[in-house]
Amino acid sequence: MNPETTTRKTVVVAGHGMVGHRFVEALRARDEQGSYQVVVLGEEQRPAYDRVGLSSYVGAWDPDALALPGNDYAGDELVELKLGRRAESIDREARKVTTSEGEIIGYDALVLATGSYAFVPPVPGHDLPGCFVYRTLEDLDGIRATAEAAGPGAHGVVIGGGLLGLEAANALKLLGMTPHVIEYNNRLMPAQVDEGGGSVLEGLVTDLGLNVHLGVGTSRIEQTEGGLRLHLSDESTIDAALVVFSAGIRPNDQIARDAGLEVGPRGGIITDLSLRTSDPNIYAIGECAAIEGVCYGLVAPGYTTAEIVADRLLGGAGEFPGADMSTKLKLMGVDVASFGDAHGTTEGALSVVLHDAAKGTYAKLVVSDDAKTLLGGILVGDASQYAALRPLVGRPLPADPAALISPAGAELGADALPDDAQICSCNNVSKGSICGAIAEGACDIAGIKSCTTAGTSCGGCVPMLKKLLEQSGVEMSKALCEHFEQSRAELFQIVQVTGIRTFSGLIAKYGKGSGCDICKPTVASILASTSSDHILDGEAAALQDTNDHFLANLQKNGTYSVVPRMPGGEVTAEQLITIGEVAKEFGLYVKVTGGQRIDLFGARVEQLPLIWKRLVDAGMESGHAYGKSLRTVKSCVGSTWCRYGQQDSVGMAVLLEKRYRGLRSPHKLKLAVSGCARECAEARGKDVGVIATENGWNLYVGGNGGLSPKHAVLLAGELDDETLIRYIDRYLMFYIRTADRLQRTAPWQEALEGGLDYLKAVICEDSLGIADDLEAAMAKHVEGYKDEWAAVLEDENKLSRFVSFVNAPDQPDPTIAFDDSGERKVPVLLGMPEVTRVSQ
C-alpha cells in the first residue's frame with residue numbers, strides 16, 4: 001500500500017458553485033504534496049458555471065459558454081466530482097456526510113459552499129404555474145419556454161427591483177416580452193444607489209421600455225384564463241404571462257441547522273475570521289457563511305473566503321480581511337456603479353453630487369469632512385470613472401472631488417494610483433501585481449487575466465487594465481470583438497480588397513464563431529459603405545441595429561419617428577402641406593429639429609410604410625435620422641437673402657447634403673455651412689464645417705457635440721467650390737476607412753499619429769497617394785445612391801417586416817398610448833393591456 005494514500009486526508013466540498021470551484025482550484029494549486037483528496041458534491045447536474053453572468057445565457061442559450069475553466073477537473077486524480085448529488089446530512093461525531101443518493105462519505109474536513117437560494121415572499125399564489133425564480137440555468141430555460149408560448153409582447157413581471165431583479169427584467173425584454181418591475185422601496189437598487197441615483201436610473205430604464213412600479217407590494221397572484229393576474233397593494237392589477245421573484249436571497253444553511261451548527265438570527269452559518277464554524281472540522285464559505293455574524297452576497301468576498309480556507313487547511317493563518325462590496329454593472333445598456341460608503345454613513349461625511357438631467361447621468365462622491373479622502377461613490381448613466389475611483393477609497397484624493405466627476409474636470413489616470421491600490425476587487429489583485437505581470441511579458445488583457453486573474457470575474461476592472469497597459473507602453477489589441485481579431489479599419493480593407501459581400505462569408509474566412517451585437521452591425525455598416533446594396537437585402541437585414549432594422553428611430557414607448565430629408569433646411573409648400581396632412585391623419589407629434597428639418601413622432605411600426613408612401617409620393621426621401629450616416633447639413637440663408645452673407649451657403653449645403661446622403665460611417669455625421677464669419681449655422685460644432693469668406697470657403701473638421709464637445713479645427717482656407725468638395729470627399733472617406741467602431745471624427749483625429757498636420761498632408765497634399773482612390777470611392781457612392789424608403793416600398797418582402805407581431809401581423813401593439821390633454825402630445829407608458837390603476 002502506498003504510504004501517501006494512508007496519510008492523505010479527505011476534504012468534502014458541499015456545493016459546486018463559483019465559490020466552491022474557487023476553493024478546489026486554490027487548494028489544488030497550493031497542495032504541492034497532494035495531502036488532500038477532494039470530493040465535490042454538486043446539487044445541479046451541471047458543473048460550476050458563471051452565475052454572475054447568468055443573463056448572458058439569454059439569447060445565446062449556450063450553457064457551455066458560462067462554464068468555469070477547469071470545472072470538471074479532468075486528469076486530476078485527487079478531485080472527485082459528483083454531480084446531481086446534494087449533501088443531505090452531516091454526522092459530526094463520525095465525520096461523515098450523507099448525500100441525496102444515500103451515499104455516505106467520510107471527511108477529515110468539510111467545507112460548506114451551499115450558497116444561497118432565492119427568497120420567495122409568502123404571497124398567496126406564489127407557487128402557481130408561471131411563477132419562477134432567477135437563479136439557475138434551468139430557471140431561465142423555464143422562463144424562456146413560458147415566454148415563447150405566450151408570444152411576442154406578452155407581459156412579464158419581476159417582483160424586486162434590486163440588482164438581480166433588473167437583470168431578470170432585461171432578460172424578459174430580450175425574450176420579446178413587455179417587462180414590469182415591482183419594487184416595495186421608493187427607488188430601484190436601494191442597496192446600491194441613493195434617491196438621486198435611483199431617480200436617474202428609473203428614468204433611463206423607463207426610456208428603454210421597462211415599466212417600473214415603485215412603493216408598492218404584491219398582495220396576491222391568481223390564475224386567469226390567459227395566465228396570471230397580480231393584485232398590488234395600491235389596488236391596481238397587472239395581467240401577465242409569467243412572474244419572476246427576485247426579492248433577495250437567503251443563505252442556504254439548512255444542512256448546518258440540522259447538524260446543530262450555530263447559525264445567525266437572520267440565517268447564515270456562523271464562522272470566525274478563519275471561516276471555521278462552531279465545529280472545528282467544518283468550514284463555511286461564500287454566501288452561506290455568516291462571518292462573525294455578517295453574510296456577504298457578492299462573489300468577490302466569496303472568493304476571498306475560499307482562498308482563506310484553502311490556506312488554513314494547508315497550515316496557513318489567513319483571516320477574512322473584510323469585503324469590498326463595490327458593484328459595477330450594465331443594466332439594459334445603462335451603467336450603474338456603487339463603491340465604498342456610497343450612502344455616506346461615516347460620521348462627518350460630505351457628498352459632492354453632479355446630476356445632469358439632460359444627459360441622464362448622476363455622479364456622487366462621498367468624502368471625509370475635510371474633503372480630502374474618498375469614502376465612496378455612486379455613478380449612474382456613465383460609470384467610466386469607476387475603475388479609477390474605486391481603488392482610491394480610503395485614500396487621499398488627487399484632485400478636487402467635483403473636478404473628478406465633472407465632464408470637463410480632472411482626468412484620473414492609472415498613474416494616480418499607488419501600487420497597493422486594489423484594481424480587481426473580485427480577485428483581490430493590486431495595481432503592483434498587474435504592473436509586475438506586464439513587466440514580465442503580459443502584453444494584453446488576456447495575458448493579464450491569465451497571470452493575475454484580474455478581470456476574470458465581473459470584468460469591471462478591464463478598463464483600468466487597459467490604462468495600465470497603455471501607461472506601460474504596450475500596444476493594445478485592435479480586435480473588433482472576440483469573433484474578429486482584426487480592427488474595424490482592417491475589416492474594411494478586407495471587404496474592399498476581397499469583394500466579400502456577406503457577413504457569413506467574412507466571418508467564415510477571417511473570423512470565428514457566429515458573431516455578436518458588436519461585429520454584426522459593424523460589418524453591416526462596412527458593407528453599406530462599400531456598395532449601394534440596400535441594408536435590408538438578404539442576410540444583411542438580420543445584422544442591423546433596431547433603428548436600421550425598421551429604418552426609423554425607436555422612441556421610449558415603442559413607437560417610431562419619421563424624419564424626411566430637407567437639404568439645407570429647404571422644403572416646398574406642397575411638401576409642408578403633405579407633412580401636415582400625414583401628421584393629422586396618423587396623429588403624430590410634430591417638431592422642428594435643431595438640424596433644420598421636421599420630425600414626426602408616434603408612428604407605430606405598421607404605419608411606417610403608409611406614412612412614407614405619402615412622403616415619397618410628395619418628392620421627399622429618408623433623412624437617415626436612424627443610421628450611423630449623414631444626418632443633416634445645416635445652413636444659414638447666406639448671400640441669397642442676408643446682407644452680411646459672403647457666399648451662397650444654402651446652395652452649398654443642398655449640394656453637400658445631396659452628395660453625402662445615405663453615406664454609412666463609423667458614427668453619425670453632421671455638417672454645416674455658414675455664409676459668413678458670424679457663424680449662424682454653428683459650423684464649427686460639426687464633423688465638417690464650412691464657413692464662407694470673401695474669397696471662397698474655409699473648411700473645418702472634427703467638431704462634435706456630446707459628453708466631450710469639440711470645436712472643429714481649420715483644415716484648409718480660401719477654397720473654391722471644386723476644391724472644397726474634393727477635400728470633403730477625401731476627408732469623409734478616409735475617416736470611414738480608418739476609424740474605429742462608433743468613433744466620432746474628433747477622437748479619430750486626435751488618435752491619428754501626427755494629428756492635424758498628418759491629416760492635412762493626407763487630405764490636401766495626398767501624402768499617401770490615395771486621393772484618387774478616396775475620390776473614386778465617393779463618386780461610386782454618389783452614383784449608386786437610392787432612397788432606402790423608396791426601395792422598401794417597391795419590395796413586398798421588405799414591407800412584410802413592418803408589423804408589431806410576427807404571428808399577428810394585423811394587430812397593433814396594445815401597449816402604445818398617448819396623452820393629448822396638455823399643449824403637447826406625449827407618450828404614455830401603459831406597459832400593460834389591462835390596468836385598473838397604475839402607480840406613477
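**View 1. Two buried tryptophans, Trp 612 and Trp 789.** Both Trp 612 and Trp 789 are buried, meaning under 20% relative accessible area with a 1.4 Å probe and protein chains only. This is a predicted model, where local features need pLDDT of at least 70, side-chain atom pairs count only at pLDDT 80 or more, and totals for chains, interfaces and linings use all residues. Residues are numbered from 1 along each chain as its sequence is written, and side-chain values use heavy atoms, with hydrogens and water left out. With ring centres 5.8 Å apart and planes at 15°, Trp 612 and Trp 789 count as stacked (centres within 6.5 Å, planes under 30 degrees apart, using the six-membered ring of Trp). Trp 612 comes from helix α19 (residues 608-617) and Trp 789 from helix α25 (residues 788-793), 177 residues apart. Both also belong to one aromatic cluster with Phe 550, Tyr 560 and Phe 802.

View 2. Phe 484 is in the loop between α13 (462-471) and α14 (488-498), while Phe 503 is in helix α15 (residues 503-510). Phe 484 and Phe 503 are both buried.

**View 3. Arginines over tyrosine rings.** The charged end of Arg 22 sits over the ring of Tyr 303, 3.8 Å from its centre; the cut-offs are CZ of Arg within 6 Å of the ring centre and within 35 degrees of the ring normal. Arg 678 does likewise with Tyr 644, at 3.7 Å from the ring centre.

Conventions. Helices (H or I, at least four residues) and strands (E, at least two) are DSSP runs, numbered from the N terminus. Buried means under 20% relative accessible area, exposed over 50%, partly exposed in between (1.4 Å probe, protein chains only). Rings of Phe, Tyr and Trp (its six-membered ring) pair if their centres lie within 6.5 Å; planes under 30 degrees apart count as stacked, over 60 as edge-to-face and the rest as tilted.
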